[in-house]
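Me: I am new to this structure and would like to learn how to read it. Could we go through it feature by feature?

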Amino acid sequence: MTSKSWLISGLLAATLLAAWPHWLWMVRRSSDGSDDPWGIVALLTLVALIYIDKDKLRAPQASALSATALCMITATAMWGWLPPIIATAFALIGISMLIANLLPANRKLMPLLTLAILSLPLVASLNFYLGYPLRWFCAQSTSMILSWLGTDTTPAGASLWWNGKTILIDAPCAGIAMLWIGLYFGALFSYLNNARTLRTLINLGLASTLVIIANVLRNTLLFYKESGMVHLPHWTHEAIGLVIFALFVPSVYFVCHAMQTKEAT
């Protein structure tokens with residue numbers, strides 16, 4: 001190993017060791033069944049992206065080391081005083097800043113930081129805080145679309161009232177999993193396209209918007225099955241979601257890649 005390799009390895013090891021309680025909490029939280037372990041995908045993606053550029057790593061600037069140290073000190077000071085997820089987020093910000101400065105200059109911080117935050121056990125929290133608002137929005141939007149299509153329904157909270165029946169938009173149909181996946185692909189495509197901060201934020205916003213549109217479309221199609229207007233096998237509930245998902249991912253790629261290419265030209 002060269003002296004640069006030893007320096008980089010030492011900085012990474014020291015930074016990771018500085019926040020070992022935070023990483024231990026992430027492992028326990030991701031494996032105790034209280035949350036979906038989606039964060040492992042984001043974490044493995046980060047490792048893979050760093051490995052791809054392993055031969056191009058560079059020594060970080062002093063300003064980056066100072067910012068990293070400040071984040072790690074803040075994360076340590078927060079431990080035991082604030083919820084672990086907040087303290088761990090600061091630790092992830094710190095390690096992301098270090099990694100971004102180790103990678104080639106064309107690799108940007110914001111996509112890396114987004115992937116790092118997505119490695120947190122977030123799904124349960126997102127379901128708690130955003131689940132009902134998204135279900136309510138889906139009910140309102142789905143009712144509007146159905147009215148345009150000639151089927152009058154009445155939205156009632158997170159459900160639809162039609163022909164004396166209540167068609168519930170349940171928790172899985174809130175689209176939290178699709179939202180996480182949308183943010184994940186938005187961050188990944190932004191990284192691969194070397195998107196700057198503003199472009200990454202735009203990509204994430206567009207990906208989130210596409211998620212909401214796709215989820216409304218999914219719930220609109222599912223209405224016909226769940227209401228009994230169209231009789232379909234039980235497995236078609238998941239199949240409809242998979243079809244919408246198959247259409248959704250290329251659309252995220254388009255806004256993150258094609259539009260980025262257009263800007264570059």
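Reply: What follows goes from the whole chain down to single residues. Keep in mind that this is a predicted model.

Me: What secondary structure does the protein chain have, and what pattern does it follow along the sequence?

Reply: The protein chain has 10 helices and three strands. Read along the sequence, the order is α-α-α-α-α-α-α-β-β-β-α-α-α. Along the principal axes, the C-alpha atoms fill a box of roughly 75 × 50 × 30 Å.

Me: How many residues are in the protein chain, and what share of them is buried?

Reply: There are 265 residues in the protein chain, and 45% of them are buried. Contacts can also be sorted by separation in sequence. Of the contacts in the protein chain with a separation of 6 or more, 75% are between residues 24 or more positions apart.

Me: How do I read a salt bridge, and how many does the structure hold?

Reply: Side chains of opposite charge can pair when their charged atoms come close. The structure holds two salt bridges. One of them joins the side chains of R107 and D53, at 3.0 Å from N to O. R107 lies in the loop between α5 (84–102) and α6 (109–118), and D53 in the loop between α3 (39–52) and α4 (62–78), so the pair ties together parts that are 54 residues apart in sequence. Both R107 and D53 are buried.

Me: Which side chains meet at 3.5 Å, N to O, and is each of them buried or exposed?

Reply: Those are the side chains of K225 and E226. K225 has a relative accessible area of 14%, so K225 counts as buried. E226, at 39%, is partly exposed.

Me: How do I read the crossing of two helices, for example α6 and α9?

Reply: Take the angle between the axes, then see which residues meet. The axes of α6 and helix α9 (residues 197–226) come within 8 Å and cross at roughly 45°. The two helices are therefore oblique to each other. From α6, the residues M110, P111 and T114 meet T197, T200, L201 and L204 of α9. By class, this contact of α6 with α9 has four nonpolar, three polar and no charged residues.

Me: What span should α9 have, and how far apart are its end C-alpha atoms?

Reply: An α-helix has 3.6 residues a turn, so residues three or four places apart point the same way. Length can be checked too: at 1.5 Å a residue, the 30 residues of α9 should span 44 Å. The end C-alpha atoms of α9 are 42 Å apart, which agrees. Just after α9, G228 takes a positive phi of about 90°.

Me: Where is T88, and which residues does T88 touch?

Reply: T88 is in helix α5. Its relative accessibility is 0%, so T88 counts as buried. Leaving out residues up to four places away in sequence, T88 touches H22, W23, W25, M26, W79 and L120.

Me: Where is S143, and is S143 buried or exposed?

Reply: S143 sits in helix α7 (residues 123–148). With 5% relative accessibility, S143 counts as buried. S143 touches T153, T154, P155 and L160, again leaving out residues up to four places away in sequence. From S143 to T153 is 10 residues in sequence and 5.6 Å in space, C-alpha to C-alpha.

Key. Residues numbered from 1 in each chain as written. Predicted model: local features only at pLDDT ≥ 70, side-chain atom pairs only at ≥ 80, totals over all residues. Heavy atoms only, no water. Salt bridge = Lys/Arg side-chain N within 4 Å of Asp/Glu carboxyl O. Helix = DSSP H or I, 4+ residues; strand = E, 2+ residues; numbered from the N terminus. Buried < 20%, exposed > 50% of the residue type's maximum accessible area, 1.4 Å probe, protein only. Contact = heavy atoms within 4.5 Å. Axes fitted to C-alpha atoms, helices over the stretch in contact; angles between N-to-C directions. Parallel < 35°, antiparallel > 145°, perpendicular 65-115°, else oblique. Nonpolar A, V, L, I, M, F, W, Y, C, P; charged D, E, K, R; others polar. Expected span 1.5 Å × (residues − 1).
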